[in-house]
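Colleague: Please take a close look at one part of this model, the place where the two chains touch. I would like one connected account of it.

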Protein chains: 2
Amino acid sequence: MRVEIVAVGTELLLGQIADTNSRWLGEHLAAAGVGSYFHQAVGDNRERIVTALRTALARSDAVITCGGLGPTQDDITREAIAEVMHVPLERDEATVRRITELFAARGRAMPANNARQADVPRGARTIEQRRGTAPGLICPLGGKVVYAVPGVPHEMEEMYTRAVLPDLRARMAARGEEGVILSRVLRTWGTSESALAELLQGRIDALDAAIPGATGVTLAFLASGIEGIKVRLTARGPTEDVASALLDAEEHEVRAVLHAELGDVIFGVDGVSMEQAVARSLVTRGLTLGVAESLTGGLMASRLVAVPGASAWFRGGVVAYDAAVKHSVLGVPAGPVVSEEAAVAMARGARRVLGAAVGLGITGVAGPDSQEGVAPGTAHVGLSVPGVGELSRALRVPGDRQRVREYSAISALDLLRRTLLDLPEVAGAMSG
Amino acid sequence: MRVEIVAVGTELLLGQIADTNSRWLGEHLAAAGVGSYFHQAVGDNRERIVTALRTALARSDAVITCGGLGPTQDDITREAIAEVMHVPLERDEATVRRITELFAARGRAMPANNARQADVPRGARTIEQRRGTAPGLICPLGGKVVYAVPGVPHEMEEMYTRAVLPDLRARMAARGEEGVILSRVLRTWGTSESALAELLQGRIDALDAAIPGATGVTLAFLASGIEGIKVRLTARGPTEDVASALLDAEEHEVRAVLHAELGDVIFGVDGVSMEQAVARSLVTRGLTLGVAESLTGGLMASRLVAVPGASAWFRGGVVAYDAAVKHSVLGVPAGPVVSEEAAVAMARGARRVLGAAVGLGITGVAGPDSQEGVAPGTAHVGLSVPGVGELSRALRVPGDRQRVREYSAISALDLLRRTLLDLPEVAGAMSG
């Protein structure tokens with residue numbers, strides 16, 4: 001089953017907004033084992049949407065269109081699909097009532113334009129809309145199909161997951177492309193893709209040697225820039241239970257191999273971010289955190305407060321960009337401020353000034369110029385942790401100013417995470 | 001002249017990386033007055049790249065392919081273009097020498113694979129590569145043309161600007177699509193797109209009423225999310241001097257209209273960010289800055305230190321996420337901490353603790369829960385500025401936690417920028 005994505009919207013062609021929908025769909029189709037060989041973007045023009053759809057249907061088995069389902073005259077994906085299907089649009093009264101009720105619930109009358117969102121090409125089915133007003137569409141064309149989903153990302157994602165993917169799976173089953181595909185992502189930080197691939201080559205060989213066919217697991221590596229390398233496990237099995245058990249077993253194997261060589265290099269599974277991993281390691285140990293930053297300039301703190309519920313464990317931070325602030329506020333002793341000693345003193349100062357159990361400090365040179373004779377890309381992380389003591393780690397980060405700052409911030413968070421793993425969890429400390 | 005963009009790379013289809021090149025090209029083609037009706041993405045597969053190219057050439061006048069020019073067997077854009085042109089590839093010895101010398105300069109021998117990067121379809125011209133190893137290609141096909149540029153963004157952007165756009169312009173001139181198109185972006189913050197459009201409707205009508213044809217100016221509005229609304233002026237004229245003079249005159253008109261109604265709503269031109277505008281307003285007045293943040297959690301500080309040379313005017317920040325930190329470190333008096341009084345006390349505390357001339361404070365509720373009985377999306381900005389005194393501003397921000405934080409941070413920076421504009425500049429304070 002080959003699925004082509006057609007993103008609709010003149011603003012995409014003009015570069016006014018990024019086409020995040022095609023990327024999201026590409027990633028989720030791949031994780032579901034569905035092939036996608038072409039993507040297109042096209043403007044809000046009926047004739048050209050028709051051209052894009054015909055092109056897609058000629059070279060793919062299914063098409064997902066995103067966007068152009070709104071209420072205005074610019075929104076013409078429905079009309080274009082009806083033209084390609086050679087059928088008229090028919091107004092679906094149940095959908096009109098639903099949209100009318102939605103507006104009524106907000107104390108407003110439905111604008112006349114919104115009734116257009118209830119237009120359905122004859123022979124197509126609607127996908128109920130649960131977050132906005134425009135329903136989606138499932139439009140059969142011979143043995144092929146066009147799905148139409150809204151361009152608003154959270155509406156599109158919900159509709160894809162609930163209706164498009166199950167329908168695709170049913171079609172795949174009908175074509176004899178049987179089975180269930182599940183995937184799981186193990187997120188690592190601090191190791192290169194090639195090092196992970198080398199360590200896991202034995203697993204990849206073992207998986208390749210297993211009986212080929214409908215049941216099995218594959219491993220893939222996805223570089224995610226500053227957020228580390230993802231190891232994606234994809235399992236195919238006759239049922240969800242079998243696929244899930246395969247994933248569990250392979251995750252166990254991968255964790256054992258990586259742990260033996262690299263320690264706690266896996267910081268999370270699927271959507272878990274580094275700051276969420278840090279938050280969890282603090283909460284389960286009943287600890288609060290204060291940070292002191294210079295070159296990262298607030299990046300570390302702003303990542304941490306992005307975790308909902310951060311106020312339970314995050315006390316705050318000091319951005320000591322000027323050296324004098326390091327001395328006066330944090331009590332860093334006179335001397336070089338880009339040093340391991342200064343990083344540890346910043347961590348100690350953060351604990352004291354912010355009244356936190358754990359202190360994390362980071363100092364360094366983001367560039368482009370050297371500072372105190374220290375080259376750009378040099379950073380030192382300091383930690384002050386009850387039951388562990390004080391420690392520091394030196395970093396050498398390649399790249400430009402922004403990369404040095406981002407890499408240093410996540411490195412510091414990872415050092416904190418790994419250090420906390422050595423401390424026992426506190427019974428009952430984790431409430432959520 | 002209709003240009004289609006074809007992005008090449010399996011990683012794009014799999015959603016492993018975002019297709020930033022198509023967006024960048026779309027934006028820059030539009031700014032140059034070149035139409036683009038379709039974009040495609042295709043994987044590293046010769047047959048499918050050929051399909052994508054033929055599709056593009058059937059419906060567009062020119063094609064820009066990005067990616068697939070590397071040295072490995074996966075990189076087959078050259079082969080696919082040659083197939084579409086029905087010509088063989090020929091090795092360009094001058095390019096082989098150039099790549100060999102590049103490796104030699106790094107003390108390495110050129111790997112044999114890299115010689116593939118010197119392969120050129122017969123009849124095509126190379127575009128010299130100034131940042132990497134792969135040259136670009138200009139490949140004529142009848143009256144149409146395929147440009148091939150690398151997928152590495154900074155290589156692609158440099159090559160597009162230096163070679164592709166001038167070649168496109170020459171072809172447009174040859175087709176009678178004469179003239180020079182220049183554009184300029186005025187960046188605004190704090191006003192809606194519809195309000196700007198209403199205020200500038202008179203200008204738009206006046207421009208529409210001017211003699212239509214090869215010479216003229218158009219206005220467009222581009223929403224840029226949290227970074228505000230851009231007003232793009234595009235001028236077309238017989239020469240660069242004429243187009244530039246048209247832009248200058250229209251910028252003057254637009255500034256006059258907006259200033260009369262909205263004050264200093266324009267914070268910068270083209271690539272200038274809000275933090276750069278703030279930096280400039282501080283530097284030209286010889287002032288240093290310290291910030292105190294709670295809900296923004298370091299976002300404001302990290303935006304400020306992203307400006308190169310920030311150490312000349314940025315002293316640092318205090319992230320007072322816990323209320324106790326506001327009292328103990330910043331000296332905020334006992335009482336509610338989500339209030340105008342607390343925001344001003346934070347600004348005052350930032351000046352004192354960080355030894356800064358100007359203090360900026362921000363407090364509020366990011367959500368999802370209320371705090372102190374205050375609803376999510378409520379924020380207060382406080383300022384303490386020599387020669388102005390202390391002032392505060394209340395904000396009501398719609399949206400989720402992340403949006404509230406980002407919107408609050410840029411709002412606070414904008415208040416600081418506008419307040420500083422009332423202070424005289426210091427002669428000689430601006431060195432750069």
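**The contact between the chains**

Modeller: A:Gly317 stands opposite B:Val319, a residue of β14(B). This is a predicted model. The pair belongs to an antiparallel pairing of β14(A) with strand β14 of chain B, residues 314-319, which is made over 3 bridges.

Around this pairing is the rest of the contact. Chain A brings 54 residues to the contact, and chain B brings 54 residues. On the side of chain A that touches chain B, at least two residues each come from α2 (20-31), β2 (38-42), α3 (46-59), α11 (299-305), β14 (314-319), α12 (323-328), α13 (340-354) and α14 (401-420). The most is given by β14(A), with 6 residues. Sorted by class, this side of chain A has 28 nonpolar residues, 18 polar residues and 8 charged residues.

The next point is how the two copies are placed. Chain A is superposed on chain B by a rotation of 180° with a shift of 0.2 Å along the axis, and the RMSD is 0.2 Å. The two copies are therefore related as by a two-fold rotation axis. Both copies use the same surface, since 100% of the contact residues of chain A recur in chain B.

The domains of chain A give the contact elements a setting. Chain A is divided into domain 1 (3-174), domain 2 (180-269) and domain 3 (286-420). Between the C-alpha centres of domain 1 of chain A and domain 3 of chain A there are 47 Å.

Helix α2 of chain B, residues 20-31, has 12 residues. From its first C-alpha to its last, α2(B) reaches 17 Å, close to the 16 Å expected at 1.5 Å a residue. Its buried residues are B:Asn21, B:Ser22, B:Arg23, B:Leu25, B:Gly26, B:Leu29 and B:Ala30. What covers these buried residues includes α1 (10-13) of chain A. From chain B itself, the cover includes β1 (3-8), β2 (38-42), β3 (62-66) and α6 (153-174). After α2(B) comes B:Gly33, which has a positive phi near 80°.

Terms used:
Residues are numbered from 1 along each chain as its sequence is written. Chains are lettered from A and ligands numbered from 1 in the order in which they are written. This is a predicted model: local features need pLDDT of at least 70, side-chain atom pairs count only at pLDDT 80 or more; totals for chains, interfaces and linings use all residues. Two residues are in contact if their C-beta atoms, placed from the backbone, lie within 7 Å. Helices (H or I, at least four residues) and strands (E, at least two) are DSSP runs, numbered from the N terminus. Ala, Val, Leu, Ile, Met, Phe, Trp, Tyr, Cys and Pro count as nonpolar, Asp, Glu, Lys and Arg as charged, and the others, Gly among them, as polar. Two strands pair if DSSP finds at least two bridges between them. Copies are superposed by least squares on the C-alpha atoms of residues with pLDDT of at least 70 in both. The expected span of a helix is 1.5 Å times one less than its number of residues. A residue is buried if 20 or more other C-beta atoms lie within 10 Å of its own, exposed if 12 or fewer, and partly exposed in between; C-beta atoms are placed from the backbone. Domain bounds come from an automatic or database domain assignment.
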